[in-house]
Amino acid sequence: REGTKKLSFLRLPEVMTLHIKRFRFDSYFGHMQGGSKISDHVDFPLNDLDMGQFCKTTEGQPAPKSTIYDLLAVVEHRGAYHGGHYIGYVRGDSGSWYEFDDTRVSQVSDADVQQLEGYMLFYRLRAPEEKVLERKAIFEAIDKFEQDIEADPSAAEDAVYISRLWLLRFEHTLEPGPIDHEAFVCCHDRVHVPEGEESRLQLVSQPVWAELQRRYGGGPTLTSPIQCAECLRELAELNRRRDHEHRVVHEMVHHRQALAQQLAAFVNEEGKGPIPGPITNERLLKEDGVTPKEGLERGQSYRGVNKEVWSIFHSTYGGGPIIERQKLDIYSAPPPNRSQAALSFSAQPRVSRMT
C-alpha cells in the first residue's frame with residue numbers, strides 16, 4: 001500500500017536549510033551498482049516563503065511571531081554524479097545577489113538565481129515589523145550616545161558595557177537570548193576582559209541597557225572592563241616564568257642550534273606559545289625501552305644536547321628517559337664514560353609538550 005509522510009514544525013528555525021535530493025544511489029540485493037544525478041529544475045521562491053501551513057502548535061504554546069522566509073543563499077552543483085563543481089550564491093544587505101566561484105565574485109540578477117540547479121537553499125526567517133522597529137530604535141540610540149560621548153567625554157561616566165557578540169545576535173536573530181558576556185567568562189567562572197580587548201564591548205547608555213535587560217534579561221551590569229584577580233595573578237606568574245626561561249635559554253644556547261621547537265615557542269615574546277610538558281623520549285624507543293625505532297631523523301625526530309642543557313630541561317620539565325650516545329646520532333653506541341655523553345630528546349613540531 002502507498003503511504004504518505006508528513007513533517008510539521010513545532011518551532012521554526014531562524015535559518016532554514018533545504019537540501020534538495022540531487023543524487024540517486026541504485027542498489028541491487030544490497031550492493032551498490034552506481035548512481036546518477038537528478039538534474040530536474042526545482043522552482044524555489046526568492047521571497048515570501050510561508051511555512052505557516054507546516055507549523056503545528058501544542059496547547060499552551062504561543063503561535064510563531066513570523067512564518068515568512070526570504071532566500072539568503074544557494075549552493076549549486078554543476079556536473080555529474082562522479083564529479084562536478086560547487087558554486088555559492090549569496091544575497092547582500094542591499095538585496096543584490098553575488099556569485100562566488102572559487103576566487104571569482106560577480107554580481108548576478110534575481111532571474112539568474114531562479115534558473116539555478118539548486119542543491120542547498122538557505123532561508124532566513126523574516127523579522128516582524130515590531131522587531132525591525134525595536135532594532136532601529138536601539139541602534140539609533142547607540143549611535144546618538146557615541147556622538148554625545150565624542151562631544152562630551154564625561155557622558156561616558158554612566159555608560160554600561162555590553163558584548164558586541166550579543167548585539168550581533170540581537171541584530172540578526174529574532175530570539176537573541178538573555179544578555180550574556182560568555183566570551184569574557186574565564187576558567188574561574190568570572191567575567192574577565194583581557195587588556196586590549198575592550199573593543200569587543202560596546203558602550204551603551206543606562207536607558208538602552210535598562211530596556212534591553214527588561215526585554216531579554218541577563219547580565220551582569222558592566223560599568224567598567226572587569227578583570228579577574230586570579231587571572232591577573234596567573235598571568236603575572238606565567239610572564240615571570242617566561243622571562244626567567246627566556247634569560248636562561250638566551251644565556252646558554254645563544255650560539256647553539258639545538259633548541260627544542262616547543263621551548264622556543266614558549267619563550268618567544270611574540271608567539272607566547274603553550275607551556276612545554278615533560279620530555280617524552282619513550283617515543284623514540286621500541287618496547288624494550290632501549291633500542292631506537294627505525295627511521296628516526298636527526299633534527300626532525302630528535303636533537304642532541306649537552307649534559308648541562310639536559311640537566312636544565314629535565315629539572316624543569318621532568319620526563320625522560322635519558323638517551324646517551326657517543327655521537328649526535330641516536331643509532332651510535334652508548335659512551336663508555338657517561339660523564340662525557342651527548343644526550344638526545346625528541347623534537348616533534350607543533351606539539352604542546354616538549355618531547
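These notes cover a helix, a hairpin and one arginine.

1. This is a predicted model, where local features need pLDDT of at least 70, side-chain atom pairs count only at pLDDT 80 or more, and totals for chains, interfaces and linings use all residues. Residues are numbered from 1 along each chain as its sequence is written, and side-chain values use heavy atoms, with hydrogens and water left out.

2. Start with helix α7, residues 307-317. Helices here are DSSP runs of H or I with at least four residues; strands are runs of E with at least two; both are numbered from the N terminus. Val309, Trp310, Phe313 and Tyr317 are buried in α7 (under 20% relative accessible area, 1.4 Å probe, protein chains only). They sit on the same side of α7 because they cover an arc of only 100° around the axis. The arc is taken from the directions from the helix axis to the C-beta atoms.

3. Next, the hairpin. Strands β7 (residues 97-101) and β8 (residues 104-108) pair antiparallel over 5 bridges; pairing takes at least two DSSP bridges. Glu99 is opposite Ser106 in β8. The hairpin has 2 residues between its strands, and Asp102 in the turn has a positive phi of about 55°.

4. Now Arg91, in strand β6 (residues 83-91). Arg91 is buried but has no salt bridge (a side-chain nitrogen of Lys or Arg within 4 Å of a carboxyl oxygen of Asp or Glu). Asp70, the nearest side chain of opposite charge, is 5.5 Å away. What does the side chain of Arg91 reach at 2.7 Å? The backbone oxygen of Leu46. The backbone oxygen of Leu71 lies 2.9 Å from a polar atom of the Arg91 side chain.

Technical notes
Buried < 20%, exposed > 50% of the residue type's maximum accessible area, 1.4 Å probe, protein only. Lys, Arg positive; Asp, Glu negative; His and termini not counted. Polar contact = N/O pair within 3.5 Å; in protein donor to acceptor, adjacent residues only side chain to side chain.
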